[in-house]
Amino acid sequence: MPVSGFGPIISATDRCELCPRRCGADRRAGEKGFCGAGVEMEIYSYGRHCGEEPPVSGTRGSGTVFFSRCTLRCLYCQNHPWSQEARGDRYDAAGLAAVFRSLADEGCHNWNLVSPTPWIPGIVQALEMVQKKGRRLPVVYNTSGYERAETIRELSGVAQVYLADLRYSRPESALEGSGAADYVKAARKAFLEMWSQAGALRVDSEGIAQSGVICRLLVLPGRAVEACENLEWLKANAGAGVCISLMSQYIPAHLAGGRPGWDRGISRAEYDMVLQAAMDMGFENGHVQDFGGRAARDLVGFNMKQGRKT
């Protein structure tokens with residue numbers, strides 16, 4: 001499990017501190033921290049995925065690996081069978097390397113790692129294996145945003161594209177919704193590290209992401225103002241040129257249906273508030289999800305730039 005060429009956070013095997021919870025679990029000795037991860041990686045599914053933002057999915061799909069386990073406990077998680085119930089199969093580094101090769105053989109644009117944080121050591125080993133054989137694709141680090149900045153710093157050169165969330169702006173919402181009162185502080189600090197490393201989104205001649213940061217903002221019921229506050233923070237700390245992805249897809253999945261305040265979808269008025277805020281602040285790079293198929297054409301990203309070509 002030790003990983004050559006990386007610092008103590010990624011290489012450590014006797015005290016896991018990969019995520020902000022810093023459990024300190026000795027995974028090689030069988031200890032399990034908050035996420036429940038052991039030594040062998042656990043993967044729920046993998047394959048060509050066409051449902052990401054256009055610069056990630058492109059025309060041939062994103063080579064997506066859905067890892068089991070998660071460092072959050074979101075009430076509304078649509079992926080709870082594997083993120084919280086840990087369904088999936090076990091893989092060693094060689095097995096994941098074979099997955100990466102198969103996705104490249106299918107013609108996927110990139111390797112898209114969904115919720116990879118508990119498994120970084122094995123992922124890095126697998127990438128080293130395929131890259132030594134001359135197989136290289138952009139690596140998309142697809143994260144909830146709840147990351148240690150120190151861990152992200154050690155990933156410099158491993159991940160080219162960061163697909164990150166800024167989901168909350170207030171600790172009480174983060175605690176109630178995802179069981180992480182420190183989400184805001186951790187996610188913003190991690191975002192700044194991602195931005196320092198990768199910067200603005202850069203795409204090739206076909207519009208496919210080669211490097212950079214895409215920031216997702218999922219609008220939550222009763223908390224549209226928090227998405228607006230995160231837009232304000234982004235503008236102040238990265239500028240209005242950062243590529244954003246505004247998302248209306250919240251549904252009261254998993255446990256949310258039984259929790260007041262979380263047991264409904266967002267309203268059109270809530271979503272429009274965030275869209276208007278983004279336009280008023282001058283954001284023009286990125287994508288905006290339609291709202292139930294009824295959004296006006298000028299609010300669905302058609303007038304938004306698709307990133308910068310290299």
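This is a predicted model: local features need pLDDT of at least 70, side-chain atom pairs count only at pLDDT 80 or more; totals for chains, interfaces and linings use all residues.
Me: OK, how much space lies in the largest pocket?
Reply: The largest pocket holds about 940 Å³ of space. On a 1 Å grid over the protein atoms alone, a pocket is an open set of points with protein on both sides within 12 Å along at least five of seven lines, whereas a cavity is a set where a 1.4 Å probe fits but cannot get out, and lining residues have an atom within 4 Å of a point. Grid points are joined across faces, edges and corners, and a volume is the space filled by probe spheres set on the points.

Me: Which residues are closest to its centre?
Reply: The largest pocket is lined by 37 residues, of which Asn79, Asp165, Arg216, Met247 and Gln249 are the closest to its centre.

Me: And which elements supply that lining?
Reply: At least two residues each come from β2 (62-67), α3 (80-83), β5 (139-143), β8 (209-218), β9 (243-247) and β10 (286-288), and β9 gives the largest share, 3 residues. Helices (H or I, at least four residues) and strands (E, at least two) are DSSP runs, numbered from the N terminus.

Me: How does that lining divide by class?
Reply: The lining of the largest pocket has 17 nonpolar, 15 polar and 5 charged residues, where Ala, Val, Leu, Ile, Met, Phe, Trp, Tyr, Cys and Pro count as nonpolar, Asp, Glu, Lys and Arg as charged, and the others, Gly among them, as polar.

Me: What about the second largest pocket, what lines it?
Reply: The second largest pocket, with a volume of about 180 Å³, is lined by Pro20, Arg22, Glu147, Arg148, Ala149, Glu150, Asp182, Lys185, Ala186 and Lys189. By class this lining has 3 nonpolar, no polar and 7 charged residues, and the largest share of it, 3 residues, comes from α8.

Me: How many cavities are there?
Reply: The count is 5 cavities of 30 Å³ or more. The largest cavity has a volume of about 140 Å³, and of the 16 residues lining it, Cys16, Cys19, Cys23, Arg27 and Cys35 are the closest to its centre. Its lining has 9 nonpolar, 3 polar and 4 charged residues.

Me: Switching to helices, at what angle do α9 and α10 pack?
Reply: Helix α9 (residues 224-237) and helix α10 (residues 268-280) pack at about 10°, with their axes 9 Å apart; axes are lines fitted to C-alpha atoms, for helices over the stretch in contact, and angles run from 0 to 180 degrees between N-to-C directions. The two helices, α9 and α10, are therefore roughly parallel to each other (angles under 35 degrees count as roughly parallel, over 145 as roughly antiparallel, 65 to 115 as roughly perpendicular and the rest as oblique).

Me: Which residues make that contact?
Reply: On the α9 side they are Ala224, Val225, Ala227, Cys228 and Leu231, and on the α10 side Glu270, Met273, Val274, Ala277 and Ala278, where contact means heavy atoms within 4.5 Å. This contact of α9 with α10 has 9 nonpolar, no polar and 1 charged residues.

Me: And how are α4 and α5 set to each other?
Reply: Helix α4 (residues 93-105) and helix α5 (residues 120-132) pack at an angle of about 55°, with their axes 8 Å apart, and α4 and α5 are therefore oblique to each other. Their contact has 10 nonpolar, 2 polar and 1 charged residues.

Note on methods: Residues are numbered from 1 along each chain as its sequence is written. Side-chain values use heavy atoms; hydrogens and water are left out.
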